[in-house]
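Hi everyone, thanks for making time. Have a look at the model on the screen, and then I'll walk you through a sheet, a helix and a pair of domains.

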Amino acid sequence: MSALTRRGFLAAGARSAGLVALGGLACDSDRPHAGFLGLMERVNDRFQRALFDPRRLAPELPEGEASAPGDFPAYRIGAVYPSAPVGWALRVTGLVDRPLTLGLDDLRRLPRTHTRVRHHCVEGWSAVASWDGVRLAEVARLAGVDPRARYVEFRSFEPGYFSSWDLESALHPQTLVAYGMNGDLLAREYGAPLRLYSAVKLGYKMVKYLAEVSFLPVRTGGYWEDQGYEWFAGV
Amino acid sequence: MLPELQAATRPEARRLERRPPQPAFIRATHWVNLVLITLMAGSGLGILMAYPRLGPRGQDYGWYPLQGVKPPAALTVGGWLAGARHWHFAFAWLFVANALVYLVYFAASGEWRRRLFFPRRDARNAWGTLLHDLHLRRTAPPPVGLYNGMQRLTYTGVLAVAPLLVLSGLALYKPVQLPHLAALLGGYDAARAIHLLVLGALGLFTLVHVVQVALHPRTLVDMTLGGRPGAEEAS
């Protein structure tokens with residue numbers, strides 16, 4: 001190797017080391033949506049969208065794979081598990097032809113979907129439960145979603161608790177508004193009377209104590225997302 | 001050099017002899033890799049902090065001795081779970097890109113000939129070196145060209161398991177969208193165990209590697225400046 005190209009190599013090496021250092025400066029663990037980490041989150045967002053197949057189903061698991069009661073942890077964001085306000089009903093709003101208000105009885109009259117899939121938590125654990133509810137795609141069909149809607153925002157009646165999703169994941173056949181868990185009515189710890197459940201997202205995207213589903217042209221944030229957790233969070 | 005390779009590709013063999021022990025591509029990717037794998041391991045351990053157990057929830061793997069033991073915070077990168085995840089998924093791309101540059105150079109330049117473990121060339125030498133290192137034999141067999149057999153065996157082992165690190169990582173990132181990969185590795189929780197075990201193996205390698213480099217400082221100079229072509233024959 002001639003001295004000239006050798007020097008070129010060293011210069012290239014120094015340049016790339018400089019770039020890495022620059023990237024390091026722009027990596028702020030407390031503001032992970034900004035700087036280089038934020039840039040790469042947007043790259044990963046595209047990667048995840050490209051990989052997502054709306055027709056690919058997560059394997060439905062046999063009953064024997066279900067986690068023992070107590071091995072499926074319940075998390076809460078406030079001091080107590082909230083209870084539903086009197087007269088609770090799910091509102092379907094935003095870019096829809098027919099805004100809906102659906103009580104639990106209305107939802108139970110809609111086609112019931114049962115799913116038992118592996119649950120993936122952002123913390124790294126997995127567990128299995130079965131869920132009963134209505135496909136969000138069915139709710140969307142009833143409401144008549146405008147083609148301009150690209151995102152769905154799920155809001156809880158627990159103040160400040162919400163999450164924004166891409167429309168494709170929300171309309172996946174294994175994304176439900178669930179009122180039942182493991183054959184029983186949903187318990188308060190798990191989001192009664194109604195929660196979001198999906199095979200294609202990490203657990204923190206599945207809003208509990210659901211009050212409103214809004215079809216929107218833009219993506220918003222979420223309770224966990226605004227703290228710094230990744231927005232797309234597909235599995 | 002393998003006799004059969006030498007016969008088949010004599011001009012190429014001669015070109016290899018004129019090359020410095022550590023060509024610029026190898027040096028650059030080696031040091032970039034050191035930075036990147038440090039960030040990947042640190043942020044990976046940061047993610048492990050959130051759930052330092054292996055096995056499905058409630059069914060911890062019995063063979064893993066460190067159930068519930070958090071890695072030391074000093075070894076982690078990212079500060080908190082969301083931060084660590086952003087570091088991990090941001091630098092994963094750079095880690096893989098650097099590895100691909102290395103592999104393309106490794107294959108195209110013919111460097112693999114003097115670096116990979118070939119039993120006919122290296123097995124006896126590796127055994128002799130091992131006996132010497134264990135103080136069961138007085139003299140060490142001389143290196144065959146660039147490395148001794150034990151070095152080739154170890155470096156080849158690292159190259160063999162490193163892809164498993166990336167593949168198990170992909171299976172953890174996308175267990176639903178890459179179902180065949182996850183199934184091939186035994187499912188989500190098995191992939192998580194593999195991911196950590198390979199990291200452990202590479203950590204062990206790094207420990208031995210650093211000790212060996214400290215015992216043979218010339219190798220550090222060569223990995224930084226390249227070294228003199230043909231110098232290894234003299235040693």
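So, β1 and β2 of chain A form a hairpin, with 5 residues between them. Strands here are DSSP runs of E, at least two residues long, while helices are runs of H or I with at least four, and both are numbered from the N terminus. Before I go on: this is a predicted model, where local features need pLDDT of at least 70 and side-chain atom pairs count only at pLDDT 80 or more, while totals for chains, interfaces and linings use all residues. Residues are numbered from 1 along each chain as its sequence is written, and chains are lettered from A and ligands numbered from 1 in the order in which they are written.

β1(A) and β2(A) run antiparallel, joined by 3 bridges; two strands pair if DSSP finds at least two bridges between them. Arg91(A) has Thr101(A) as its bridge partner in β2(A). And what does β1(A) do with β10(A)? Those two run parallel, with 4 bridges, and Val92(A) stands opposite Val213(A) there.

Now zoom out. In chain A there's an open sheet of 5 strands, in the order β2-β1-β10-β5-β6, with mixed pairing. β2 (100-102) and β6 (162-166) of chain A are at the edges with a single partner strand each, so one side of each has no neighbour in the sheet. Further in, β5(A) and β10(A) pair in the antiparallel sense over 6 bridges, and Glu153(A) sits opposite Ser214(A).

Over to chain B and helix α9. Which of its residues are buried? Among them are Tyr188(B), Ile194(B) and Leu196(B); buried means 20 or more other C-beta atoms within 10 Å of a residue's own, with C-beta atoms placed from the backbone, whereas 12 or fewer is exposed and in between is partly exposed. The cover over those buried residues includes β3 and β4 of chain A, as well as α3, α7 and α8 of chain B.

Chain B is assigned domain 1 (3-23 + 109-234) and domain 2 (26-87), with bounds from an automatic or database domain assignment. 11 residues of domain 1 are in contact with 10 of domain 2, contact being C-beta atoms, placed from the backbone, within 7 Å. α9(B) turns up again here, giving the largest share of domain 1's side, 5 residues.

Technical notes:
Two residues are in contact if their C-beta atoms, placed from the backbone, lie within 7 Å.
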